[in-house]
Amino acid sequence: MIKNDLFLRALKGETVERPPVWMMRQAGRYLPEFMEIKEKYDFFTRCQTPELASEITVQPIRRFGMDAAILFSDILVIPQAMNIEVQMKPNFGPYLPNPVRNRKDVSEVIVPDVEEALDYVMQAITATKEKLNDEVPLIGFAGSPWTILCYCVQGQGSKTFDKAKEFCFTQPVAAHELLQKITDTTIAYLKAKVKAGVNAVQVFDSWGGMLSPTDYQEFSWKYIQQIVDALKEETPVIVFGKGCWFALKEMSQSGASALGVDWTCSAQNARYLTGGKITLQGNFDPARLLSPPSEIKKMVTQMINEFGKDRYVVNLGHGILPNVPVENAKAFIDAVKEYKLAH
């Protein structure tokens, strides 16, 4: 049994004394102890070495005592397993030397045996569970099929993902074939993670907001829905779509346990659009962690008051930034732990 199950109770919609808190990208780049590891090992070595991945996962828990840990990994381990080369270039980000641009390229993409191809992730889960010793739940994650497609086709990060959109709009048959392969791989991957011991999973649709509401339904949401359908009986599923407030109503009817909200959508709008019956997660602007700690605490208290303490998981509206001072991250976590309803 998990000793601190606040996060899991909030996902079930139970009444809690305070909302749970964790931060997207909490394992990593703003922590001095992470930077020490980063100086010694390159990015994918860190992901692929269970001892390193598990150590990085528990670092923020040791330091701040969040209510959930999230496995240190990357969404791009999926295309790597699917026969698509992915490099992580320093000061550049992901780089895919052979992007997928046509049906022939799609035909060369495989749906792998995830237990074999991504065995190192399962080993990292085992190692992490041992280190956590059931203190807090462990979250496993994957990128949404659309977000993965964006990288596979664009070949790198982008402000517009114009090549990815062009591929979908000019070669829709090939695009849907690729999206389905990614979806099948992702479902198998997340199921394997649950079997390995994660207590919940999150799907990151980081680039969902790039699409119009109509295109979102066609190229992103219907694939996320397949993932939710395949996993919801086995584990709580959180769906986070950045910039996807327009889809919140549909998302709330999907069977997901919780929905992530970014900082451009107010608590009031998020509750209204989701009908007030589903757990929401978010939505502090990560850049606001650069404000003075006293201000962060006030803003966090206000945010909880606006969302309400139940059916709510305190988090950022996207990943924590590398330049956030450690004491500011601590102020964010502490504010939630100290939360009392202001009467």
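## Charges, fold and sheet of a predicted protein chain

The protein chain carries 38 positive and 40 negative side chains, and the centres of the two sets lie 4 Å apart. Here Lys and Arg count as positive and Asp and Glu as negative, while His and the chain ends are not counted; each charge is placed at NZ of Lys, CZ of Arg, CG of Asp or CD of Glu.

This is a predicted model, in which local features need pLDDT of at least 70 and side-chain atom pairs count only at pLDDT 80 or more, whereas totals for chains, interfaces and linings use all residues. Residues are numbered from 1 along each chain as its sequence is written, and side-chain values use heavy atoms, with hydrogens and water left out.

The secondary structure comprises 16 helices and 9 strands, these being DSSP runs numbered from the N terminus (helices H or I, at least four residues; strands E, at least two). The radius of gyration of the protein chain is 19 Å, close to the 20 Å that the globule rule gives for 343 residues, so the chain is as compact as a globular protein of that length; the radius is taken over C-alpha atoms, and the rule is 2.2 Å times the number of residues to the power 0.38. Of the 343 residues, 57% count as buried, where buried means under 20% relative accessible area, exposed over 50%, and partly exposed in between (1.4 Å probe, protein chains only).

The open sheet consists of 7 strands in the order β1-β4-β5-β6-β7-β8-β9, with parallel pairing; two strands pair if DSSP finds at least two bridges between them. The edge strands are β1 (69-70) and β9, each of which pairs on one side only. The table gives the pairings of these edge strands.

| Strand pair | Bridges | Direction | Facing residues |
|---|---|---|---|
| β8 (residues 279-284) and β9 | 5 bridges | parallel | Gln 281 opposite Val 313 in β9 |

Strand β9 (residues 312-316) is mostly covered, with 5 of its 5 residues buried.

Among the helical residues, Thr 183 has its place in helix α11 (residues 172-196) and is buried, with a relative accessible area of 0%. Leaving aside residues up to four places away in sequence, Thr 183 touches Pro 145, Tyr 223, Gln 226 and Ile 227, a contact meaning heavy atoms within 4.5 Å.
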